[in-house]
Amino acid sequence: MIVPFNEPFLPAGSLKIALNSADLLRTQGKYYEGCKKLITQKLGFKNIILTSSCTSALELIALSINIQPGDEVILPSYTYVSTANAFVLRGAKLVFIDTYASHPSMDIGKIEKAITKRTKAIVVVHYGGIALDYKGLQRLKKKYNIPLVEDAAHCLGSKSGKNFIGSVGDFAAFSFHETKNISCGQGGAAIINNPAFWDRANVIAQCGTDKIDFISKKVKFYSWKNLGSNFLLAEPLCAILSESLKLMKDINQKRMSIWKKYHQALVPLSEDGLIQLPPYDLEGNGHIFYMLTKDKKTRTDLIKYLKAQGIETTFHYFPLHLSSYYLKNGAKAYLKNTEYISDRLIRLPLFYRLTNQQQDLVIKNIRKFFSKLSDGS
Ligand SMILES: Cc1ncc(COP(=O)(O)O)c(C=O)c1O
């Protein structure tokens, strides 16, 4: 491929620094602690548990909320399976919320109607690093006092006004998977903003023991206190993550400039009604650049056309409410906007080392595809 969809970014020297030292084999060693410090310095989050993935951060959060069989959890259908699995693993019943008509974000105006006495958590996803309405989320939190979870897998460094995404929920979960802005190959973070859950979350994250108190010398030995598992991010990955975190501002700015260039270059196609573009949001972190085609066939043809020119593009998500796993138990939901978006959304190549020439090639070929389409050739 001349232009791959993604190219993971490994900051120069990160492995060299790490491999020099046997400290690399410690659990919760200096790199683990160093990453937490960097996240606190850069984003202001205080209660952080670094996890082996965002998936495991969400599972840790579901356990911390003490989700029980039959509890209802409100979430979007247009998301990755992990947003749902974390809660289904605890026996939760999913209550799906639709997206906006022309935007893949969850329509938070529809949450209130879905709340019942059995609602145990509200899980929101800030799609592509673009914040949902923070004031609206704050209002919901105040009015209902139901634990609010931000699936912020895409969002490290994105803002809503003065607030970094991940700061409004009782909990937030971030991803450091290979496609994310800041990556260590595979990793995550659970942010526990509500201090009432902090002790419980730490016990769960340490195999259900009070090892955290043992480490800080509050107790002489540690023992089994609760359900739990080994959720923590391994030290070698923390070593890589810390180098990447140091470059967060630069990485996000570069991705954002690529994002803006796509947007500006494609505006004429959107004005001609050939595509729909995301809202021009400058508070994002440039995690995803997507656009919507007029129908599924156009998207399939566009992906095929670009592939033939050496350009890799992709799409996601298959709506969870249409998945065979969800439907197998006789559950039913109709989410018109989600289905519309899911059929039309295409993601363009966007990564730190994407060159100007590569991006120009993508733009040129998208224009070519649509001009051929308009000509009927
Ligand atoms: C919205 C969302 N939540 C959770 C995840 C899971 O992240 P991870 O791969 O770090 O487990 C993803 C993965 O991309 C995602 O897109």
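## Ground rules

Two strands pair if DSSP finds at least two bridges between them. Helices (H or I, at least four residues) and strands (E, at least two) are DSSP runs, numbered from the N terminus. This is a predicted model, in which local features need pLDDT of at least 70 and side-chain atom pairs count only at pLDDT 80 or more, while totals for chains, interfaces and linings use all residues. Residues are numbered from 1 along each chain as its sequence is written.

## Two domains

The protein splits into domain 1, covering 14–248, and domain 2, covering 249–375; these bounds come from an automatic or database domain assignment. Taken over C-alpha atoms, the centres of domain 1 and domain 2 are 26 Å apart.

Where the two meet, 29 residues of domain 1 are in contact with 29 residues of domain 2 (in contact means that the C-beta atoms, placed from the backbone, lie within 7 Å). On the domain 1 side, α4 and β6 (159–160) are the elements that give two or more residues. That side of domain 1 divides into 15 nonpolar, twelve polar and two charged residues. For these classes, Ala, Val, Leu, Ile, Met, Phe, Trp, Tyr, Cys and Pro count as nonpolar, Asp, Glu, Lys and Arg as charged, and the others, Gly among them, as polar.

## The seven-stranded sheet

Seven strands make an open sheet with mixed pairing, in the order β1-β9-β8-β5-β4-β2-β3. β1 (48–51) and β3 (93–97) are the edge strands, each pairing on one side only. On average, neighbouring strands of this sheet are turned by 20° against each other, direction ignored. Axes here are lines fitted to C-alpha atoms, for helices over the stretch in contact, and angles run from 0 to 180 degrees between N-to-C directions.

Inside the sheet, β4 (residues 119–125) and β5 (residues 148–151) run parallel and are joined by four bridges. If you want a spot to look at, Val125 has Asp151 in β5 as its bridge partner. Helix α2 (residues 30–43) lies across β1 and β9 (188–192), and runs at about 125° to β1.

## Around the ligand

There are 13 residues surrounding the ligand, and the closest are Ser53, Cys54, Thr55, Tyr80 and Ser175. A residue counts as near the molecule if its C-beta atom, placed from the backbone, lies within 6 Å of it. Sorted by class, the shell has four nonpolar, eight polar and one charged residues.

## How α3 meets α4

The axes of α3 and α4 come within 8 Å and cross at roughly 35°. α3 passes α4 in a right-handed crossing; a crossing is right-handed if the near helix is turned clockwise from the far one by less than a right angle, and left-handed if anticlockwise.

From α3, the contact uses Cys54, Thr55, Leu58, Glu59, Ile61 and Ala62, and from α4 it uses Ser82, Thr83, Ala86 and Phe87. By class, this contact of α3 with α4 has six nonpolar, three polar and one charged residues.

## The three-stranded sheet

Another open sheet has three strands in the order β10-β11-β12, with antiparallel pairing. β10 (275–276) and β12 (345–347) are at the edges with a single partner strand each, so one side of each is left without a neighbour in the sheet. β11 (residues 290–293) is joined to β12 by three bridges, and the two run antiparallel. Here Met291 stands opposite Ile346 in β12.

His316 and Tyr317 are joined by a cis peptide bond, with omega at about -25°. Tyr317 lies in the loop between α11 (296–308) and α12 (324–327).

Gln28 has a phi near 45°, a positive value in a residue other than glycine. You'll find Gln28 in the loop between α1 (14–19) and α2.
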